[in-house]
Amino acid sequence: MTTVSPDTGVGPLLRGWRERRRISQLDLALRADSSARHISFIETGRSRPSEDMVLRLAEQLDIPVRERNALLVVAGYAPRYAQTPLDDPAMASVREGLDRLLAGYEPYPALVVDGRYDVVAVNRGIALLMEGVAEELLTPPLNAMRITLHPAGLAPRIWNLAEWRADLLAQMERQIALVRSPELRALYEEVAAYPAPDRADRSAGGRGADRGRGRKRTPSFALPLVIEHGGQVLSFIASIATFNTPMDVTVAELAIETFLPADRETAAYLRERLP
């Protein structure tokens, strides 16, 4: 959980978010229906913002829901957003919806992770790719970053591991800068310390990984995940989706990652293995 010292003050915290978003006081004031003078007074501690003003500024600065709660507490108000466990009966519709989405995407891989990259749900496509992963990495809570980058996980089978690893670590760095979570920082330091690839990627820039197998070179419009399974080289383009306007911290931090086959051979292989 993110913790913020009350001594920091809500003003400096809001200023930090504004500067991170590269928005001037005047621009923020116009967006939040306020004045640059009032924004300046809030940031310097000369004026205490109302609860409504904290929420308006947080909305305009696109501050994560968990951090909005922290800002409210520092400003002297109660948290606004609940954090309901996913196994709570109140979340039944969310769980059912996620299960239907994952099943509907089969045979292509898809999974759901939380804000710590812990795996919440997977479909058969992901389960197929995880065949051969060390048992120690499959003990709950499963963590997507560990499973992907650990030497006993998927890493040895990822043909463009250097590129894919760099992309995942950069993604984690952006997330850490956004939420300032000690748990995420610890996870980052752990997975970043895993052995890096000691050879050049077997794919040229992540493309044409299987040219030696008589398959056509596939143009990439995004960095693909090129991974071997059962002697077959598969290529995927990943996409991530989140919930729109979440009102619960748990829901706000869920991410649905889907893997679209980047070529016909990959699609055919999955349809054959998971009819």
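Author: We may begin with a proline: Pro141 is placed in the loop between helix 7 (124-129) and helix 8 (144-149). The model is a predicted one.

Reader: What kind of peptide bond joins Pro140 and Pro141, and what is omega there?

Author: The bond joining Pro140 and Pro141 is cis, with omega at about -5°. Another cis peptide bond joins Glu106 and Pro107, where omega is about 15°. Pro107 belongs to the loop between helix 6 (92-105) and strand 1 (110-113).

Reader: How many aromatic pairs are there by the rule for ring centres?

Author: The count comes to 2 aromatic pairs.

Reader: Why is the pair of Tyr105 and Tyr108 called edge-to-face?

Author: The ring centres of Tyr105 and Tyr108 are 5.9 Å apart, and the limit for a pair is 6.5 Å. Their planes stand at 75°, and edge-to-face requires over 60 degrees. The pair is therefore edge-to-face.

Reader: What makes Phe236 and Phe259 a pair, and why is it edge-to-face?

Author: The centres of the Phe236 and Phe259 rings lie 6.2 Å apart, which is to be set against the limit of 6.5 Å. Their planes are at 85°, so this pair is edge-to-face. It links distant parts of the chain, with Phe236 in strand 4 (residues 232-241) and Phe259 in strand 5 (residues 255-261), 23 residues apart.

Reader: Are Phe236 and Phe259 buried or exposed, and how do you know?

Author: Buried means under 20% relative accessible area. Phe236 has 0% and is therefore buried. Phe259 has 7% relative accessibility, so Phe259 counts as buried.

Reader: What makes Arg20 a charge over the ring of Trp17?

Author: The charged end of Arg20 is 4.3 Å from the centre of the Trp17 ring, and the distance limit is 6 Å. Likewise, Arg46 lies over the face of Phe41, 4.1 Å from the ring centre.

Reader: Which residues of helix 4 are buried, and what covers them?

Author: In helix 4 (residues 51-60), the buried residues include Met53, Val54, Leu55, Leu57 and Ala58. Their cover includes helix 1 (10-21), helix 2 (25-31), helix 3 (36-44) and helix 5 (65-74). After helix 4 comes Asp62, with a positive phi near 55°.

Reader: Where is Tyr117 placed, and why is Tyr117 called buried or exposed?

Author: Tyr117 is in the loop between strand 1 and strand 2 (119-122), and its phi is positive, near 65°. Its relative accessible area is 10%, to be judged against the cut-off of 20%. Tyr117 is therefore buried.

Reader: How do you know the class of Val122, and which residues does Val122 touch?

Author: Val122 is found in strand 2. Leaving aside residues up to four places away in sequence, Val122 touches Leu102, Ala110 and Leu111. From Ala103, Val122 is 19 residues apart in sequence and 8.8 Å apart in space, C-alpha to C-alpha.

Terms used. Residues numbered from 1 in each chain as written. Predicted model: local features only at pLDDT ≥ 70, side-chain atom pairs only at ≥ 80, totals over all residues. Heavy atoms only, no water. Phe/Tyr/Trp six-rings, centres within 6.5 Å; stacked < 30°, edge-to-face > 60°. Helix = DSSP H or I, 4+ residues; strand = E, 2+ residues; numbered from the N terminus. Buried < 20%, exposed > 50% of the residue type's maximum accessible area, 1.4 Å probe, protein only. Lys NZ or Arg CZ within 6 Å of the ring centre and 35° of its normal. Contact = heavy atoms within 4.5 Å.
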